[in-house]
Amino acid sequence: MSLSQEDINSSQQLVIDTFLGFRDELTSSFGNVDYVNKKDASLVTELDLRVEQTLKEKLRAEFPTIGFHGE
């Protein structure tokens, strides 16, 4: 599937806007948040999961034909 440059720009702005919406929570939790280890021994927090889920939902709603792969 091929996205137009307009779709690419719009999806990038959606990601930026989503992170800006989480900005206060992200900055206030930095260094002060509980985490668990994933199977690969990397860390993940509840906030990580919420941000990822929010991005997935917003991208899917706006661009239903593109895929999404979280980290």
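Student: Let's start with Arg50. Is Arg50 buried, partly exposed or exposed?
Tutor: Partly exposed, because its relative accessibility is 35%. Keep in mind that this is a predicted model.

Student: Which residue does the side chain of Arg50 meet in a salt bridge?
Tutor: Glu25. The N to O distance is 2.8 Å.

Student: Where do Glu25 and Arg50 sit in the chain?
Tutor: Glu25 is in helix 1 and Arg50 is in helix 2. They are 25 residues apart, so the pair links distant parts of the chain. Glu25 is partly exposed, at 33% relative accessible area.

Student: Why would two such side chains pair at all?
Tutor: Opposite charges can pair when the charged atoms come close.

Student: How many salt bridges does the count give?
Tutor: One salt bridge.

Student: Is the crossing left-handed or right-handed?
Tutor: Right-handed.

Student: Which residues in helix 1 meet helix 2?
Tutor: From helix 1 come Ser11, Leu14, Val15, Thr18, Phe19, Phe22, Glu25, Leu26 and Ser29. Facing them from helix 2 are Leu47, Arg50, Val51, Thr54, Leu55, Lys58, Leu59 and Glu62. Sorted by class, this contact has nine nonpolar, four polar and four charged residues.

Student: What about Gln12? Where is that one?
Tutor: Gln12 is also placed in helix 1. It counts as partly exposed, with 46% relative accessibility.

Student: Where does Ala41 lie, and is it buried or exposed?
Tutor: Ala41 lies in the loop between strand 1 (36-37) and strand 2 (43-44). It is exposed, with a relative accessible area of 56%.

Student: And Thr45, buried or exposed?
Tutor: Buried, at a relative accessible area of 12%. Thr45 is in the loop between strand 2 and helix 2.

Student: What does Thr45 touch, leaving out residues up to four places away in sequence?
Tutor: Val33, Asp34 and Tyr35.

Student: How far apart are the C-alpha atoms of His69 and Glu52?
Tutor: They are separated by 9.3 Å. Along the chain, His69 and Glu52 are 17 residues apart.

Student: Tell me about Glu52, then. Where is it found?
Tutor: In helix 2. Glu52 is partly exposed, with a relative accessible area of 25%.

Student: What does Glu52 touch, not counting residues up to four places away in sequence?
Tutor: Phe68, Gly70 and Glu71.

Student: How far is Glu52 from Glu71 in space?
Tutor: 8.5 Å, C-alpha to C-alpha. In sequence, Glu52 and Glu71 are 19 residues apart.

Conventions
Residues are numbered from 1 along each chain as its sequence is written. This is a predicted model: local features need pLDDT of at least 70, side-chain atom pairs count only at pLDDT 80 or more; totals for chains, interfaces and linings use all residues. Side-chain values use heavy atoms; hydrogens and water are left out. A crossing is left-handed if the near helix is turned anticlockwise from the far one by less than a right angle, and right-handed if clockwise. Helices (H or I, at least four residues) and strands (E, at least two) are DSSP runs, numbered from the N terminus. Contact means heavy atoms within 4.5 Å. Ala, Val, Leu, Ile, Met, Phe, Trp, Tyr, Cys and Pro count as nonpolar, Asp, Glu, Lys and Arg as charged, and the others, Gly among them, as polar. A salt bridge is a side-chain nitrogen of Lys or Arg within 4 Å of a carboxyl oxygen of Asp or Glu. Buried means under 20% relative accessible area, exposed over 50%, partly exposed in between (1.4 Å probe, protein chains only).
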